[in-house]
Amino acid sequence: MKYEVVIGLEVHAQMLTEAKIFCSCSTKFGSEPNTQTCPVCIGMPGVLPVLNKKALEFAIKSGLAMDCNISSYSRFARKNYFYPDLPKGYQISQYELPICEHGSVEIVIDREIKKIGITRIHMEEDAGKNIHESAPPKADGGNYSFVDLNRAGVPLMEIVSEPDIRSPREAVEYMKKLRAILQYLGVCDGNMEQGSLRCDANVSLRPVEQKEFGVRTEIKNLNSFRFVEKALEYEIERQKKILDERGKIVQETRLWNSERGITESMRTKEEAHDYRYFPEPDLVPITVDQRWIDDIKKSLPELPDTKRERFVSEYGLPEYDADLLTSERHLADWYEEAVRLGGQPKAVSNWIMGELMRLLKEDDKSIEECPLKPKQLADMFKLIDRGTISGKIAKTVFEEMYKTGKDAEFIVKEKGLIQISDVGEIEKIVDDVIAKNPKEVARYRAGEERLLGFFVGHVMKLTKGKANPQMVNELLKKKLSGSHP
Amino acid sequence: MKLHALTISEIRDLLDKKEISVKDLVKSIYERIETVDNRVKAFVTTTEEKALKMADEVQAKINEETRKKEFLLGIPLAIKDNICTKGILTTCSSKILSNFIPPYESTVTSRLINQGYILIGKTNMDEFAMGSSTENSGFHITRNPWDLERIPGGSSGGSAAAVASDECIAALGSDTGGSIRQPAAFCGIVGLKPTYGRVSRYGLVAFASSLDQIGPITKNVRDTAIVMNTISGHDPYDSTSAPLPMPDFTAALGKDIKGLKLGVPKEYFIEGMEKEVEVLVKEAIKKLEALGAIPVEISLSHTGYAVATYYILATSEASSNLARYDGVKYGFRAGGKDLMDIYMNTRAQGFGAEIKRRIMLGTYALSSGYYEAYYKKAQQVRTLIKQDFEKAFQEVDIIVTPISPTAAFKVGEKTADPLQMYLSDIFTISVNLAGVPGISIPCGFTTKNLPVGLQLIGRHFDEESILKVAYAYEQATEWHTRRPNL
């Protein structure tokens with residue numbers, strides 16, 4: 001049978017506030033365990049939470065950027081469950097009245113724009129981390145477990161999508177778009193490896209043209225774009241197989257096992273927690289006045305979609321280039337800086353999408369960690385324009401700049417890469433090449449014009465690539481087609 | 001002169017005039033504790049060494065001629081053992097916190113420290129403030145100083161007994177459903193539950209967050225006003241504390257109560273009430289009338305639902321508030337073969353029977369499928385009860401009622417029947433549900449020489465009116481001057 005895939009994503013984004021959501025402890029990542037804690041975030045008896053206004057502002061910002069209604073009245077709720085990394089025995093979250101509702105974001109799929117609905121965005125606190133060690137073993141042979149509460153109380157946004165996603169690819173595009181928006185807003189660093197952006201996916205299948213949704217499963221632990229795609233592909237196939245064999249899908253929570261590349265059952269609906277949500281009595285309801293919302297709206301930066309459109313209209317870039325360059329705020333900023341400093345827009349785009357992306361990928365670096373500065377690229381362009389180096393040599397220079405951090409001009413001098421543009425000098429070499437290859441000359445003159453490359457190659461080889469390629473071309477053409485020597 | 005028998009304002013005067021020293025005062029208190037506490041058993045922890053050291057520091061401040069003396073400078077107070085005191089054992093009278101030493105100071109005690117108060121000790125209570133007799137303490141039962149066969153009330157029974165038996169000058173308690181007012185009544189002293197949001201809860205170990213409130217337990221009304229001046233007011237660490245300007249509560253004392261409308265709710269004079277108690281309360285109302293107040297019969301029509309509503313909401317919140325006691329981070333931990341086993345053993349061994357009963361009740365009320373019928377419905381009734389008070393306060397200025405249908409009962413009398421115990425809170429619970437302030441003042445003694453309390457209830461954030469009326473009544477009577485014979 002043919003099925004339609006229905007996917008909804010729940011994305012958890014760690015907010016980039018300096019302090020935790022209900023106390024003033026730092027949110028910095030990677031500190032010694034339990035050094036960023038206080039009585040409040042470790043759930044001492046008698047402590048009370050107080051909302052960090054910055055977290056509220058970030059949630060509102062995100063809501064506005066995703067076209068949501070911002071609730072003038074919302075509140076926190078307690079989600080009750082026992083776990084050692086949850087110091088109070090409940091997580092402060094939002095349930096009945098979330099801060100943002102009814103929004104949407106746009107993704108581009110096969111050059112078509114598609115809207116994905118946002119059901120809600122709510123604020124909550126992160127839990128700590130359990131660390132299970134194999135050593136040192138206890139006397140009875142057991143192992144110790146440790147709890148690190150540095151992360152407990154770090155503000156999170158949970159962004160819940162409508163079941164509008166129809167394929168793993170759409171899911172990835174949606175995730176990428178969310179990440180771009182959050183990064184543009186500066187509310188989340190989007191680092192999936194460090195867990196600042198995490199995702200659970202709800203998946204179901206239904207026969208094409210059936211209205212009702214099928215039974216869904218929830219997949220947890222998707223911490224990279226690749227895993228989102230792989231896990232969904234696996235799960236869709238798994239469900240398809242069951243349905244084709246007239247089996248029943250069990251409503252359950254499944255865990256993505258990235259090593260084996262499969263999803264595994266974690267708990268069924270019957271085993272699901274009863275979280276016993278109820279309004280958090282320790283926090284007053286949140287009231288947000290329209291003036292503040294308007295102020296935040298005014299302060300929103302240019303968002304990916306707008307920037308993409310502007311890159312097309314302002315720089316004359318193809319959609320593809322604009323889409324890629326605006327996928328990350330830092331990349332777009334890097335691009336615009338290079339153009340502002342004099343780079344030709346399309347040329348800058350080509351260099352970024354070609355050489356720069358390749359080098360970054362090789363080093364597994366993000367654009368923020370890029371050792372090359374936009375100014376260095378712009379300066380290299382000036383050398384090309386002046387004819388100091390050829391486009392071909394520029395590739396060598398570019399890589400050298402990236403690897404050493406030195407400027408183009410310095411590298412060109414140091415390595416003697418200045419282009420030979422002296423007609424006499426080139427002519428000598430051209431003559432030499434023609435003289436040494438009489439057979440090829442004859443064939444060329446007999447009409448085999450594609451041999452031009454052969455001669456160019458020889459000239460370049462002799463000049464170590466430094467000869468002005470345009471001049472080489474012209475001279476060779478002239479000499480080969482001209483009178484017999 | 002028996003220094004331990006003095007009130008705050010008397011001591012302030014004597015200290016400032018240098019007629020007594022802080023050290024003599026503190027010594028007098030501990031001598032008194034030495035003499036009576038083996039019978040009363042009001043304390044879980046006493047802090048004599050620290051108190052004596054503190055006495056020297058405080059004396060030096062008093063001796064600074066030009067210094068403006070804080071009102072509580074050098075005043076020995078006892079603190080209920082569910083209020084966190086940095087570096088000092090805070091147990092909630094529970095085995096599960098029997099080794100818990102807070103690494104931080106509660107807001108109320110921080111404010112007392114800024115004043116230069118002297119901590120005498122931490123007082124016994126019903127475990128986690130759940131109870132009306134202090135019999136639910138995980139450690140020992142506190143006795144009523146008026147009759148050692150009887151309970152002192154609860155849950156702030158230790159604080160009330162300590163004040164009544166002169167083991168401290170005044171104390172702090174906490175009140176979730178009557179836990180300050182009822183023991184104050186049973187021990188013949190004054191206890192105020194402030195408006196919800198008037199006093200910071202930061203550092204008060206939570207029982208039911210939407211109902212809990214810290215308040216003073218003192219020998220007279222003036223002392224209550226004095227303590228309120230220090231502990232009240234907005235706290236940035238408690239977002240439920242109200243950002244309102246703070247009055248001087250002592251300024252209300254001594255003002256005329258002529259023409260003041262006194263609401264007498266008919267639902268508070270019921271079958272099953274001890275005749276003697278009813279008579280004493282009605283006489284007190286007559287006394288207030290004689291002082292110029294005008295009694296008006298009113299109706300608080302949802303009173304009958306208050307106990308049921310309370311026991312759903314308070315237990316629901318408690319079931320969540322007490323989840324943190326899992327043996328992982330602090331407090332008592334029982335062994336076990338795996339995580340679940342450690343959780344279960346810790347909580348099974350660490351909590352007393354009443355705590356477990358309430359956690360189960362609350363967990364049930366919040367469970368999926370029952371939430372609507374119990375928790376949500378109770379919230380709706382709570383709103384109705386609040387509206388009862390709002391409506392009444394359109395007609396009257398304060399409301400006057402009994403505190404309890406009986407005087408102090410005997411140890412063991414109600415422990416077999418939790419429901420009977422719950423029902424003894426019938427007159428105090430609505431005040432917590434509505435969030436309004438209520439005070440208990442002594443209004444007479446039964447033939448068995450047991451004190452009876454009168455409750456005065458005010459509008460939200462209008463503690464001044466009830467203090468004014470309470471003071472006027474106190475000035476016109478002598479009940480507050482009586483002390484138990486220990």
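A residue counts as buried if 20 or more other C-beta atoms lie within 10 Å of its own, as exposed if 12 or fewer do, and as partly exposed in between, with the C-beta atoms placed from the backbone. Keep that in mind for the tour.

A word on what you have open: it is a predicted model, in which local features need pLDDT of at least 70 and side-chain atom pairs count only at pLDDT 80 or more, while totals for chains, interfaces and linings use all residues. Residues are numbered from 1 along each chain as its sequence is written, and chains are lettered from A and ligands numbered from 1 in the order in which they are written.

**Stop 1: strand S11 of chain B**

Select residues 451–457 of chain B. This is strand S11, and seven of its seven residues are buried.

Two strands pair if DSSP finds at least two bridges between them. Strand S9 of chain B (residues 398–402) runs antiparallel to S11(B) and is joined to it by four bridges; find B:Val400 and you'll see B:Leu456 opposite. Strand S10 of chain B (residues 438–445) is also antiparallel to S11(B), with six bridges. There, B:Pro442 has B:Gly453 as its bridge partner. Follow the hairpin between S10(B) and S11(B): five residues lie between the strands, and B:Asn449 takes a positive phi near 60°.

**Stop 2: two covered helices in chain B**

Jump to residues 221–231 of chain B, helix H7. Here 10 of the 11 residues are buried, including B:Val221, B:Arg222, B:Asp223 and B:Met228. Step past the end of H7(B) to B:Gly233, which has a positive phi near 110°.

Next, select helix H9 of chain B, residues 306–321. How many of the 16 residues of H9(B) are buried? The count is 14, so the helix is largely enclosed by the rest of the structure. You can check its length in the viewer too: the end C-alpha atoms of H9(B) are 22 Å apart, which agrees with the 22 Å that its 16 residues should span at 1.5 Å a residue. (That expected span is 1.5 Å times one less than the number of residues.)

**Stop 3: where chain B touches chain A**

Two residues are in contact if their C-beta atoms, placed from the backbone, lie within 7 Å. By that rule, 35 residues of chain B are in contact with 25 residues of chain A. On the chain B side, helices H9 (306–321), H10 (339–350) and H11 (353–366) each supply at least two residues, and H9(B) gives the most, with three. Colour that side by class and you get 18 nonpolar, 11 polar and six charged residues. (Nonpolar here means Ala, Val, Leu, Ile, Met, Phe, Trp, Tyr, Cys and Pro; charged means Asp, Glu, Lys and Arg; the others, Gly among them, are polar.)

**Stop 4: the sheets of chain A**

Select the strands of chain A. Nine of them form an open, mixed sheet in the order S2-S6-S7-S10-S1-S11-S12-S13-S14. At its edges stand S2 (69–70) and S14 (262–268), each with a single partner strand, so one side of each is left without a neighbour in the sheet. Zoom in on S13(A) (residues 252–257), which runs antiparallel to S14(A) and is joined to it by six bridges. A:Asn257 stands opposite A:Ile262.

Another open sheet in chain A has three strands in the order S5-S4-S15, with antiparallel pairing. S4(A), residues 77–80, pairs with S15(A) over two bridges, and A:Ala77 stands opposite A:Pro279.

**Stop 5: zoom out**

Chain A has 15 helices and 16 strands; chain B has 15 helices and 11 strands. The C-alpha trace of chain A spans about 95 × 60 × 55 Å along its principal axes, and that of chain B about 65 × 55 × 45 Å. Buried residues make up 39% of the 485 in chain A and 60% of the 486 in chain B.
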